[in-house]
Amino acid sequence: MQILVVEDDESVAAGVLEGLGRAGFGASHVGTGGRALDVVRADSPDFVLLDLGLPDMDGTDVCRAIRALTAIPIIVVSARDEEIDRVLALELGADDYLVKPFGMRELIARIRAVARRSDERLPDGRPGTDPSRNIGGLSIDQRSRRVVLDGAEVYLTAKEFELLYFLAAEPGAVFERREILRAVWDGDWYGTTKTVDAHIAGIRKKLGDPRWIEAVRGVGFRLGVPG
Ligand code: CA
């Protein structure tokens, strides 16, 4: 796994890179948001560790911009006084967050947990599994985490991607909100089923036709092909 470390403090970056290397991860480092976006575009890293306090761009904008490009896992890192919390991190499209100062052991555990969660939901590259799901003109590729509709790429957030991929497992089948929450957000999600509705609305908007995801009154949602 190749991890991109976005951190402007050279001494913090050096320690993190060393720790990641010792834990068996490949890692590269950039010190600005602009460089981070270049590397995400050019090299497709597998994972991003993103410090929010960067010299050239607001880290929350960098997080959103990475999320607009790709659905790869992101852990955001912030200093204690930046008041990042789990809600804000999730709103930014991040998968987890850490407050500085943090220990390498904690960082590695978080990276493994986030990677494991995304693997469980999306069984990447397991023999015998097809990583892409196709329905009508919609193609959802789990390996590259890209969604293409009628030849044009659709940019989803990590959760939107996972939700769509989940529904696409069985087009036409109705999935209950609780079932979706459990599969896409883990059992310990603190929110309500309204979260599911908000993400469905986001996906519909991006797909350009609400009929892609049909609400079944009192039950849940199903994926369908418009027309
Ligand atoms: Ca910083």
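These questions and answers walk through a predicted model, from its calcium site to its cores and cavities.

Q: Which residues are the protein donors of the calcium ion?
A: The donor atoms lie 2.2 to 2.4 Å from the ion.

Q: How are the donor residues of the calcium ion spaced in sequence?
A: Written as a pattern, their spacing is D-x42-D-x1-G.

Q: Where is K159, and is it buried or exposed?
A: K159 sits in helix α6, residues 158-167. Its relative accessibility is 16%. The cut-off for buried is under 20%, so K159 counts as buried.

Q: Which residue has its backbone oxygen 3.2 Å from a polar atom of the K159 side chain?
A: K159 belongs to α6. A polar atom of its side chain lies 3.2 Å from a backbone oxygen. That oxygen belongs to V184.

Q: Which element gives the largest share of the largest nonpolar core?
A: This core has 29 residues, and L138, L164, L167, I180 and I213 have the most contacts inside it. Elements giving two or more residues are β7, β8, α6, α7, α8 and β12. The largest share is 6 residues, and it comes from α6.

Q: Which residues are in contact with L138, leaving aside its neighbours within four places in sequence?
A: L138 is among the residues with the most contacts inside the largest core. Contact here means heavy atoms within 4.5 Å. The partners are R133, V147, V148, L149, L164, L207 and W212.

Q: Which element gives the most to the lining of the largest cavity?
A: The model has 2 cavities of 30 Å³ or more, and the largest holds about 70 Å³ of space. Of its 13 lining residues, A71, R145, V154, Y155 and L156 are the closest to its centre. Elements giving two or more lining residues are α3, β8 and β9. With 3 residues, the most comes from α3.

Methods. Residues numbered from 1 in each chain as written. Predicted model: local features only at pLDDT ≥ 70, side-chain atom pairs only at ≥ 80, totals over all residues. Heavy atoms only, no water. Helix = DSSP H or I, 4+ residues; strand = E, 2+ residues; numbered from the N terminus. Buried < 20%, exposed > 50% of the residue type's maximum accessible area, 1.4 Å probe, protein only. Polar contact = N/O pair within 3.5 Å; in protein donor to acceptor, adjacent residues only side chain to side chain. Donors = N, O, S within 2.8 Å, 3.2 Å for Na, K, Ca; no water. Core = buried A, V, L, I, M, F, W, Y, C linked by side-chain atoms within 4.5 Å. 1 Å grid on protein atoms, 1.4 Å probe; cavity = no way out; pocket = protein on both sides within 12 Å on 5 of 7 lines; lining within 4 Å. Points joined across faces, edges and corners; volume = space filled by probe spheres on them.
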